[in-house]
Amino acid sequence: MNGYLDLLNSLKTELTNNALIKSVTFGSIDEVELKKRDIYPLAHVGITAGSIGSSSTDLNVSILFLDVVDDEKDVDTFEQHEVFVVNNMLASATKTVQELLRGNMYKDGYQVEEDATLEIFADRFEDKLAGVAVDFTVSVKSIVTLC
């Protein structure tokens, strides 16, 4: 069964093709070098838990959409502020969830049965990062053959 790997590859493809995302990472957020400025905007994917049913596996997916807030005093553009960062990361999160609900990922067999939950943050990490955390459960059909 390659459902887990296939889901990760599909998410990576979707996030990499997003014009508002520069880097995609997986696993524990503690292992990502968040102080590197050249990785932002960043989408970080974690699969935290799940359940196994008779015909599918449900996987709980969490994606952090992060970018740096540049609050330099000399900068007088709205684009550098937290509101703009959150807006862009929310757009990225919305596009990803919509692909799962009715786009290419839906056509590939990934099903999201319930609405995704969303958390907007600005003080979750050091180094003036802001963004959106989105959580949802993806149902992956089991294709395991029993002997």
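Author: A nonpolar core is a set of buried Ala, Val, Leu, Ile, Met, Phe, Trp, Tyr and Cys residues joined through side-chain atoms within 4.5 Å, where buried means under 20% relative accessible area with a 1.4 Å probe and protein chains only. This is a predicted model, in which local features need pLDDT of at least 70, side-chain atom pairs count only at pLDDT 80 or more, and totals for chains, interfaces and linings use all residues. Residues are numbered from 1 along each chain as its sequence is written, and side-chain values use heavy atoms, leaving out hydrogens and water.

Reader: Which residues touch the most other members of the largest nonpolar core?

Author: They are Leu 7, Val 61, Ile 63, Phe 65, Phe 136 and Val 138, in a core of 27 residues. Two or more residues come from each of α1 (3-16), β2 (42-52), β3 (56-68), α2 and β6 (129-141); helices (H or I, at least four residues) and strands (E, at least two) are DSSP runs, numbered from the N terminus.

Reader: And what is Leu 7 in contact with, leaving aside neighbours within four places in sequence?

Author: Its partners are Ile 47, Leu 59, Val 61, Met 105, Tyr 110 and Val 138, contact meaning heavy atoms within 4.5 Å.

Reader: Turning to β1, how many bridges join it to β2?

Author: Four bridges join these parallel strands; pairing requires at least two DSSP bridges. Phe 26 has Val 45 of β2 as its bridge partner.

Reader: Which residues form the covered face of β1, and which the uncovered one?

Author: Ser 23 and Thr 25 are on the covered face, Val 24 and Phe 26 on the uncovered one.

Conventions:
Buried < 20%, exposed > 50% of the residue type's maximum accessible area, 1.4 Å probe, protein only.
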